[in-house]
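Trainee: Please take me through one part of this structure at close range. I am new to it.

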Amino acid sequence: LTGSTDSGDSGMWRVAVGVAVGGVVAVALGAVAAWMLTRKLRQKLAVQSLMEACRTIKVGETGTATLLPLKLRSEYVSEKVLGRGAFGLVVQAKRRKEEDVKVAVKMVFPEKGAFDEKDIRQLRREQAVLELMTLRKCEHAVHLAGLDSATIRSDIAWFVTDLLEGVSLERVLGQSGALDDVECIKMTRNVLAALKLMHDEGLLHRDVKPSNVMRCRRGAGRASI
């Protein structure tokens with residue numbers, strides 16, 4: 001009888017422990033689910049805030065904490081708005097741990113809630129071009145701040161690149177007119193060098209225009225990017 005009672009007590013303990021462990025696991029899973037739901041909600045609200053900024057903020061305005069994707073806010077601090085459009089925003093930012101390191105954060109938003117397949121292909125192509133120029137260290141192209149600096153989601157895409165100090169060719173032509181022959185030839189060669197590197201890898205830019213060419217100062221002279 002004693003042995004039988006001990007066996008019964010042991011079984012009861014096993015049931016009790018099992019129920020307790022099951023309860024802890026259920027609570028833990030519930031906490032994880034709640035955290036994931038909260039995180040998704042925060043991400044959604046952050047994207048909505050950025051899209052609103054596209055419609056209201058002005059170029060040159062001082063940046064705020066909400067002018068960066070949620071994922072980047074722990075690493076970067078926004079400083080000012082460099083450019084904006086109906087579905088895009090470019091912000092100058094600095095690293096929290098290396099304040100002298102400046103970057104440009106380009107953000108793109110879908111027109112109708114989520115990117116379609118055509119949008120995704122275009123964004124993937126831009127990512128591939130940036131990654132190629134970064135890996136090959138092309139001196140006539142902008143580089144990603146790191147190989148993990150491009151993110152494409154259904155509701156937002158962003159690219160973190162080195163900050164270029166210069167002005168677009170479109171602005172130069174609008175303010176000063178045609179370039180002199182020497183600079184025109186030099187700039188054209190630089191642009192062709194970058195395009196050749198892309199074409200050798202089977203990539204097409206598909207958006208070559210003066211607004212996408214930067215005249216930047218490097219050392220004692222100027223170089224096109």
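Isoleucine 152 sits in strand E4, which covers residues 150-152. Helices (H or I, at least four residues) and strands (E, at least two) are DSSP runs, numbered from the N terminus. The model is predicted: local features need pLDDT of at least 70, side-chain atom pairs count only at pLDDT 80 or more, and totals for chains, interfaces and linings use all residues. Residues are numbered from 1 along each chain as its sequence is written, and side-chain values use heavy atoms, leaving out hydrogens and water.

Start with the sheet. It is open, with five antiparallel-paired strands in the order E1-E2-E3-E5-E4. From one strand to the next, the twist averages 20 degrees.

E4 is joined to strand E5 (residues 157-162) by three bridges, and the two run antiparallel. Pairing takes at least two bridges found by DSSP between two strands.

Now the helix. H2 (residues 117-135) lies across strand E3 (102-108), E4 and E5, and runs at about 20 degrees to E5. Such angles run from 0 to 180 degrees between N-to-C directions, with axes fitted to C-alpha atoms, for helices over the stretch in contact.

Back to the residue. Isoleucine 152 counts as buried because its relative accessibility is 14%. Buried means under 20% relative accessible area, exposed over 50%, partly exposed in between (1.4 Å probe, protein chains only). Beyond neighbours within four places in sequence, isoleucine 152 is in contact (heavy atoms within 4.5 Å) with Ile120, Leu123, Arg124, Gln127 and Ala157. Glutamine 127 is 25 residues away along the chain, and its C-alpha atom is 8.9 Å from that of isoleucine 152.
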